[in-house]
Amino acid sequence: MQENPDGSGQFVEVWLKPIVTVEAAAMVEAAIHLHHEAGAKCFTANSVNFPVHHAPQVAIASTSQVH
């Protein structure tokens, strides 16, 4: 966020860092691909005048692994 001298401000960029949990390791690549595809089609991200970055993490339900 950028603050202006008069106390107002605006976002200059946003980072979204969701953690998605899948059932099996074989689903990790698909989950990341689908997240990037959804991000490219996101109505909110396409409606604002600043960049919206996506950094998804995928967890596997049966383990403690995060990708």
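Me: Let buried mean under 20% relative accessible area, exposed over 50%, and partly exposed in between (1.4 Å probe, protein chains only). On that scale, is Lys 17 buried or exposed?

Reply: Lys 17 is exposed, with a relative accessible area of 61%. This is a predicted model, in which local features need pLDDT of at least 70 and side-chain atom pairs count only at pLDDT 80 or more, while totals for chains, interfaces and linings use all residues. Residues are numbered from 1 along each chain as its sequence is written, and side-chain values use heavy atoms, with hydrogens and water left out.

Me: Where does Lys 17 lie?

Reply: Lys 17 is in the loop between strand S3 (14-16) and S4. Helices (H or I, at least four residues) and strands (E, at least two) are DSSP runs, numbered from the N terminus.

Me: And how far is Lys 17 from Ala 30?

Reply: Their C-alpha atoms are separated by 17 Å, and the two residues are 13 apart along the chain.

Me: What is the radius of gyration of the protein?

Reply: The protein has 16 Å, whereas a compact globule of 67 residues would have a value near 11 Å. The radius is taken over C-alpha atoms, and the globule rule is 2.2 Å times the number of residues to the power 0.38. Along the principal axes, the C-alpha atoms fill a box of roughly 50 × 25 × 10 Å.

Me: What share of the residues is buried?

Reply: Buried residues account for 18% of the 67.

Me: Which residues make up the largest nonpolar core?

Reply: It consists of five residues: Val 22, Val 28, Ala 31, Val 58 and Ile 60. Helix H1 (28-40) and strand S6 (57-60) are the elements that give two or more residues to this core. A nonpolar core is a set of buried Ala, Val, Leu, Ile, Met, Phe, Trp, Tyr and Cys residues joined through side-chain atoms within 4.5 Å.

Me: What does Ala 31 touch, leaving aside its neighbours within four places in sequence?

Reply: With those set aside, Ala 31 is in contact (heavy atoms within 4.5 Å) with Val 22 and Val 58.

Me: Back to H1: which of its residues are buried?

Reply: They are Val 28, Ala 31, His 35 and Gly 39. Seen down the axis of H1, these buried residues fall within an arc of 70°, so they line one face of the helix; the arc is that of the directions from the helix axis to the C-beta atoms. On the other side of H1, Glu 29, Leu 34 and Ala 40 are exposed.

Me: Which strands do the buried residues of H1 pack against?

Reply: They pack against strand S4 (19-22), S5 and S6.

Me: What about Ala 55: where is it found?

Reply: Ala 55 sits in the loop between strand S5 (52-54) and S6. It is partly exposed, at a relative accessible area of 27%. Neighbours within four places in sequence aside, Ala 55 is in contact with Trp 15, Leu 16, Lys 17 and Pro 18.

Me: Last one: how far apart are Val 48 and Val 22 in space?

Reply: They are 30 Å apart, C-alpha to C-alpha, with 26 residues of separation in sequence. Val 48 has its place in the loop between H1 and S5 and counts as partly exposed at 30% relative accessibility.
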